[in-house]
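I opened this notebook to record what I looked up in the structure. The entries are grouped by topic.

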Amino acid sequence: MPTRLLWPLAAAVLGLLAIASLMIGAASFESGQTSAETLLWVSRVPRTAAAILTGAALAVSGVVMQQIVRNRFVEPATAGTPEAAAAGLLAVTLIAPGAPIWVKMAVAALAALGGAVLFAALIRRLPAREVFLVPLAGLILAGVIGAGVTFVAWETDLLQYVSVWLMSGEFSGVIAGRYELLWIAGAAAALAWFAADRFAILGLGPEAATALGLNPRAVLRLGLGVVALVTAMVVVSVGMFPFVGLILPNLVTRVMGDNLRAALPVVALGGAIFVLGCDILGRVLIHPYEIPAGTIVGVLGALAFLWLLWRGDRDAG
Amino acid sequence: MIEISGLSHSIRGTQILAPTTLTLPAGQITALIGPNGAGKSTLSRLIARIEAPPAGTVRVNGLDVATTHGGRLARELAFMGQHTGLASRLRVGELVAFGRWPHCHGRPGAADRAAVAQALQDFELEPLAKRFLDTLSGGQAQRAHLAMAAAQETPWLILDEPLNNLDLAHARALMAYLARLRDGGRSVLIVLHDLNFAAGWADHVVAMKGGAVVAEGTPHEVLTAPALSALYETEIAVATHGERPLVLHHLP
């Protein structure tokens, strides 16, 4: 199938899933407990939009991180960025509990940026050929920051509060007025598309990027900004979803390559399909109860990742 | 013309390049030769502002590389380094098209498309244009990166050991291509290990050793038996073949 047909196909699938998502839930439109219109606009539309924005933004942030560190096996979720955002939130909660919400968001985003910068600085010292050292360093960094956050939260009796961000994400709490920050994540992902050529050129290495007249450090900073903004907004709004930024980029670049201007829209649609699909599954599997979307994302994502690793070996051999 | 003045470089106290003042003529092929660790790559990377010059100045056609905007310089000089091994998963045609980035910033016009098509043709890459880089052999990938630099269509082309991975026929084709560029008025700086490619194609030869330029001039002036034997610290003879020197190292 020609790759230029991929994105219309993906858009059509996402459209069908979105319609399904609007019709499925614990409350039915016929029950009469709430008016159908209220249910739709206060709960179903925000929840569907939240899942789409989360999936699309996380998948794009995965591509961006993979290009700027030149390693296919990293994503923000396994590089300590969400833990850094949580650390920022925890700090602002302890130091200035009464701070307005936008201050807390800004601090979370800055802390996520700090975490991403720390990761980028850490892996610069690693030998480039040791492909698996980079994700390993990310996991260790995530573990260290996460442990610190958990310790401080335990000491200050905020563990339950913090666990909302660090446990696997879900959308059951999403109603109008409580998910709009995700539009910022979506905007950051859209910004990444406008800089797609720059990220693809940076993926050729800092030397080639310089030779083509780009400032590699500026592109790196832009990428880290996108990663931090997406991660912070997602963590704060709905919690973390692992593997989305890992699986979709790898699947799509296998077929379409690293020409990001063409590939990024497909990656974004794929991420949205994956997360929204998992959320719908979570709603129907044990209806009328729910399984958190993040749990299903984690299980399916782990299986898909194992398959990718296995296939990668076979391709190489 | 590239004017280098007082250029030097050290890494943690070790001098990689002694203060160097050198002029590279325009409209010629200049070969940079010398043993491993002589500073050839360092010099070519400093000229192409891949590394920022810590001391001294480099002017390419009058533009100071330290202060000129990177995008402007990318229309004045193209550079291909040795680190082309870590393959990105781009198609060959997409990679070569990125050579037009300094001119079109991702919005290619007719001239850009023509330059890409010409570069693909010049490096015999048309059959491979749709292939992903990570599925190519070393020599094919090398030609793809060369085509990207060629598509930049800059007055200066700086190539750091471009013959790596190329077989004899493709290496020769590259030198003939550079000679055509030179005949069209463009300038080339090329780091070479195989002295006979310098002997056969260069107009100007610069010899380096221990981080310093030790000789420069025409091939006949620089590629002499005593000079080369001293440069590489091994016995080398030089014959004359046609109008050009011929370097011989398999001595009886």
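The entries below concern a predicted model.

**Entry 1. The sheet in chain B**

I began with the strand order of a sheet in chain B. The sheet is open and has four strands in the order β2-β1-β4-β5, with antiparallel pairing. I then asked which strands lie at its edges. They are β2 (14-24) and β5 (63-64) of chain B, each of which pairs on one side only.

Next I looked up the pairing of β1 (residues 2-11) with β2 of chain B, and found an antiparallel arrangement with seven bridges. Within this pair, L7(B) has T20(B) of β2(B) as its bridge partner. I also noted what packs on the sheet: helix α1 (residues 40-47) of chain B touches β1, β2 and β4 (55-60) of that chain. The direction of α1(B) makes about 120° with that of β1(B).

**Entry 2. A hairpin in chain B**

I turned to strands β9 (residues 204-209) and β10 (residues 212-217) of chain B. They run antiparallel and are joined by five bridges. In this pairing V205(B) stands opposite G217(B) of β10(B). The hairpin has two residues between its strands, and G210(B) takes a positive phi there, near 55°.

**Entry 3. The contact between chains A and B**

How many residues does each chain bring to the contact? I recorded 18 residues from chain A and 22 residues from chain B. On the side of chain A that touches chain B, the elements giving two or more residues are α8 (196-202) and α9 (206-211) of chain A. Of the elements there, α9(A) gives the most, with three residues. By residue class, this side of chain A holds six nonpolar, eight polar and four charged residues.

**Entry 4. Helix α11 of chain A**

I checked the length of helix α11 (residues 244-256) of chain A against expectation. At 1.5 Å a residue, its 13 residues should span 18 Å, and the end C-alpha atoms are 18 Å apart, so the two values agree.

I then asked whether this helix is largely enclosed or open, and why. Of the 13 residues of α11(A), 10 are buried, so the helix is largely enclosed by the rest of the structure. Among the buried residues I list L246(A), I247(A), L248(A), P249(A) and N250(A), as well as V252(A), T253(A) and M256(A). The residue that follows α11(A) is G257(A), which has a positive phi near 80°.

**Entry 5. Packing of α3 and α10 in chain A**

I looked up how helix α3 (residues 81-95) of chain A meets helix α10 (residues 216-238) of chain A. The two pack at an angle of about 65°, and their axes are 9 Å apart. The crossing of α3(A) past α10(A) is right-handed.

From α3(A), the contact involves T81(A), P82(A), A85(A), A86(A) and L89(A). From α10(A), it involves V227(A), A228(A), T231(A), A232(A), V235(A) and V236(A). I classed the residues of this contact as nine nonpolar, two polar and no charged.

**Entry 6. A142 of chain A**

I selected A142(A), which is found in helix α5 (residues 133-155) of chain A. Is it buried or exposed? A142(A) counts as buried because it has 22 C-beta neighbours inside 10 Å, the threshold being 20 or more. Apart from neighbours within four places in sequence, A142(A) is in contact with T78(A), A79(A), G80(A) and E83(A). I also recorded a distance to G277(A), 135 residues apart from A142(A) along the chain: their C-alpha atoms are separated by 27 Å.

**Entry 7. Backbone exceptions**

I kept the background in mind: most residues other than glycine have a negative phi, and most peptide bonds are trans.

I noted a cis peptide bond from H287(A) to P288(A), with omega near 5°. P288(A) is found in the loop between α12 (260-284) and α13 (293-316) of chain A.

D157(A), which is not a glycine, has a positive phi near 65°. D157(A) is placed in the loop between α5 and α6 (159-166) of chain A. With 8 other C-beta atoms within 10 Å, D157(A) is exposed.

H105(B) is not a glycine either, yet has a positive phi of about 50°. I located H105(B) in the loop between α4 (101-104) and α5 (110-122) of chain B. H105(B) is exposed, with 12 other C-beta atoms within 10 Å; the class of exposed residues takes in counts of 12 or fewer.

Notes
Residues are numbered from 1 along each chain as its sequence is written. Chains are lettered from A and ligands numbered from 1 in the order in which they are written. This is a predicted model: local features need pLDDT of at least 70, side-chain atom pairs count only at pLDDT 80 or more; totals for chains, interfaces and linings use all residues. Two strands pair if DSSP finds at least two bridges between them. Two residues are in contact if their C-beta atoms, placed from the backbone, lie within 7 Å. Axes are lines fitted to C-alpha atoms, for helices over the stretch in contact, and angles run from 0 to 180 degrees between N-to-C directions. Ala, Val, Leu, Ile, Met, Phe, Trp, Tyr, Cys and Pro count as nonpolar, Asp, Glu, Lys and Arg as charged, and the others, Gly among them, as polar. The expected span of a helix is 1.5 Å times one less than its number of residues. A crossing is left-handed if the near helix is turned anticlockwise from the far one by less than a right angle, and right-handed if clockwise.
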